[in-house]
Amino acid sequence: MYPDYMAESLRKVVETRPKRLELARKSGPVYPLMNAEERQKVLEGFHPDYEPSARRAVCVGPNKGETLTTEVADLLESHSWLRSEQVDLSKPDVETDVLIIGGGGAGCNAALVAMREHGVRSVIATKLRMGDANTMMSQGGMQAAVARADSPTRHYLDAIGGGHFENKPELVKALTEDGPGVVKWLEDLGVVWDKEEDGSMKVMHGGGTSRKRMVSCRDYTGAMIMRTLMDEVRNHPDMIEVKEFMPAVELIMDAEGRCAGAVLYNMDSEEFITVKAKSTIVATGGYGRLHIRGYDTTNHYGATGDGLVMAYRAGAKLMYMDSVQYHPTGVSFPEQIAGFLVTEAIRGAGGQPVNKDGELFVFPREPRDIEASAIIRECVQNGGGVPTPSGRVGVWLDSPLIDMLHGEGYTEKHFPAMYRQFIRYGIDITKLPMLIYPSLHYQNGGIEINERCETDLPGLYVAGEASGGLHGRNRLMGNSVLDYNVFGRRAGKYASEYAKTVKLGKLSVAHLDAYEKQLADANVKTDLVTPILLPSYAPKDVKKRQLVRGGNTLPGTSVLQNRLHDDAFSPAGAK
Amino acid sequence: MENAPAGASSSLSSSQIGDRQDKAEGRLITVYIMGKAYEVPEEATIMGAIEYAGHQIIRGAGCREGYCGACATIYRLPGDYKIRTGLACMTMVEEGMTLAQIPSVPAEKAIYDIEKLKPNVTAIQQMYPTVFRCVACGTCTKSCPQGLQVMDYVQAAKRGDIAAVMDLSFDCVVCGLCMLRCPAEITQPLMGIMAKRLYGRYLRKESHELAERVKAVEDGVYEAEYAEMMSMNREDLTKRYYARDSE
């Protein structure tokens, strides 16, 4: 339940609701949309990326000199777990055609396409269990231009505009033209899409969509897709080998500069395992668990940007790594679920963000960076936020409107996960609004790819959140679910075709020594060893008493003891 | 920005629990993690408490938001004989709680070719015959942290009612607690996944507009418009974007 002092504000939300309901029932926006200048102003004034300490220049690697998100620059300016002399590559422990790093949506799609369409074997190496990925957590839906009133080209225009016209056009074309086919592919695998009576796809709005384009599986969209893909992967143990709790820690190259596999780390036995592969797909997802600017995150436990740093050391260029997505509606209260995602589909279905006086202050479905910035502005500048007992702040997301618009029972039927999330804490979202504030959600940029998922390095392919260029500096809702399906499938195809032709040379991890030398030459002083693999949430005094483990010769080298959260930067919350 | 963003303030969500402890706020209670006593904040989730105790979870944490089923946990409370179940990321600690995480439940997934199955009782009989051992005791339903009517979907599976299995098991997070508790040793979540796939593959209503759209893309219907937009400069593209109509 909400604390008593919020009653007055809640009363105002109820008071203004009939008027706002009337607005929602009319055609046309419930609040004026921002034009290009207004968008720029709110971004520069209030988006966390624009705070002075949010970015800095990186001093090593392919993007040397470029301004990146500060925590990303910290991640890249770090030591490897390994030196070349510690790795024996003369007899790899495992050999395969395609190595897929990451067992989320992109990785499983790639493995299935490699097997079904190209007869190619693969190994999926994943840090936790297969399916422990942000894919599992996407709630609201996937964009795909399937409705009659819509078209793939309209989807293209919405995505490019949402990304502030900085997206790589050929990637957006690939995304939008493959969309309808992906809906069909997943349905044939057995994904249960929400449908209308006549069998047509049920479509909803998301932020920045000019047509209803969001297809869904209630609010378990990602869970449904992920479990279907995983189940199918497990139906083919002869063609797809899954190695769980075995994250990759470095890529392996050959003498001609081609990517030729990876070194894995066994989380249980703490062994390093070498995998030789004709082609390698990085599908490691994003970096929410770096807690950029101290923000809570909607991301899963393993989202530590591993693929970024591995590929970067090997020489792959990154794109748009100066841009972070904060989801407009993370939970602000109750405390136990703070930072958790409240699906954008709540706004797609008619939920409205309102301030402490119950007044609208932004159109509910602006692109995410704009919407999030407007919410921060309302709290920080306009004093329109509601403080929580622990010192957070939030605005209301008026969810009771949804049943009023669509009929009683709609919320429980279509948003069972959201309903369940809040009712555990005595908040019935069909009767009471949710208190929300932006939460760290998505890595807009990543390893630069083309429409064939190729990178600067022959033999290295990237798909899904780990890749960069598709979304520009701002992704729209539902385009990441489509992204990992479209580009996971494409990566499977092109990596398989390449694997059939390539003849690898002598294997090497000499790039690690070269990178270490760059760090020394740039006078980088750090005890950070990456990939991070897992964040540590032990209390600080416990961390101080914990031994450094791992047996590596470098200081601070343990998967269990990374220091990023303590020492590399000071989270905003610690001010 | 004058104020710290709310997303960054101290928190009792599991991700930020260390900060809260450092400020020495809140009352501590005793819980027993795998039998060993720890003092933890009373407002913590089980996952938050385990991390507060200094454990690095490797198995037993995944999405941390109630979708992935990695953090299945069993526990008892003082003076209560009942074994209770919950997801560690979603369940609050209580004074005297004694708990253990069950991050993996042994179970054999049936290997099948969905193109060779039909959405009927035969598929259930062939792939998950243990379903027919159900004695209707309801233990599965009682153990479900999602509050699903698990026994009802097992009964529906026995009748070959694939649509009902799909609907009733839709929100299953595959934590495995039902199959751990089931005296008939049924693997409910795995059968549920197969039933959902059978429903999606065979019992859905076809979307004609989807089929038409897929074909239109294959036929290159949109190529000209793509080419036009891809050749536009930023200014013209911006104009077209802001001038577009909205549904």
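Me: Which residue ranges does the domain assignment give for domain 1 and domain 2 of chain B?
Reply: This is a predicted model, in which local features need pLDDT of at least 70, side-chain atom pairs count only at pLDDT 80 or more, and totals for chains, interfaces and linings use all residues. Residues are numbered from 1 along each chain as its sequence is written, while chains are lettered from A and ligands numbered from 1 in the order in which they are written. Domain bounds come from an automatic or database domain assignment. For chain B this gives domain 1 (11-101) and domain 2 (114-203).

Me: Which element of chain B gives the largest share of the side of domain 1 that touches domain 2?
Reply: The C-alpha centres of the two domains of chain B lie 30 Å apart. Between them, 9 residues of domain 1 of chain B are in contact with 7 residues of domain 2 of chain B, contact meaning that C-beta atoms, placed from the backbone, lie within 7 Å. With 3 residues, the largest share on the domain 1 side comes from strand S4 (residues 84-87) of chain B.

Me: In which order do the strands of the open sheet in chain B follow one another?
Reply: Helices (H or I, at least four residues) and strands (E, at least two) are DSSP runs, numbered from the N terminus, and two strands pair if DSSP finds at least two bridges between them. The edge strands of this sheet are S2 (36-41) and S4 of chain B, each pairing on one side only. The pairing is mixed, and the 5 strands of chain B stand in the order S2-S1-S5-S3-S4.

Me: Which residue of S2(B) is the bridge partner of B:Tyr32?
Reply: Strand S1 (residues 28-33) of chain B pairs with S2(B) in the antiparallel sense over 6 bridges. Within S2(B), the partner of B:Tyr32 is B:Ala37.

Me: Why is chain A described as being as compact as a globular protein of its length?
Reply: Chain A holds 17 helices and 22 strands. The radius of gyration is taken over C-alpha atoms, and the globule rule is 2.2 Å times the number of residues to the power 0.38. For 575 residues the rule gives 25 Å, so chain A is as compact as a globular protein of that length because its radius of gyration is close to that value, at 23 Å.

Me: How many residues of strand S13 of chain A are buried?
Reply: A residue is buried if 20 or more other C-beta atoms lie within 10 Å of its own, exposed if 12 or fewer, and partly exposed in between, with C-beta atoms placed from the backbone. Of the 575 residues of chain A, 63% count as buried. Strand S13 (residues 324-333) of chain A is largely enclosed by the rest of the structure, because its buried residues number 10 of the 10.

Me: Which element gives the most to the side of domain 1 of chain A that touches domain 2 of chain A?
Reply: Chain A is divided into domain 1 (4-50 + 324-440) and domain 2 (84-323 + 444-507). Here 29 residues of domain 1 of chain A are in contact with 29 residues of domain 2 of chain A. Elements giving two or more residues to the domain 1 side include helix H10 (368-380) and S17 of chain A. The element that gives the most, with 5 residues, is S13(A).

Me: Which element gives the most to the side of chain B that touches chain A?
Reply: The contact takes 78 residues from chain B and 96 residues from chain A. Among the elements that give two or more residues on the chain B side are helix H1 (17-22) and helix H8 (188-203) of chain B. The most, 7 residues, comes from H8(B).

Technical notes
Two residues are in contact if their C-beta atoms, placed from the backbone, lie within 7 Å.
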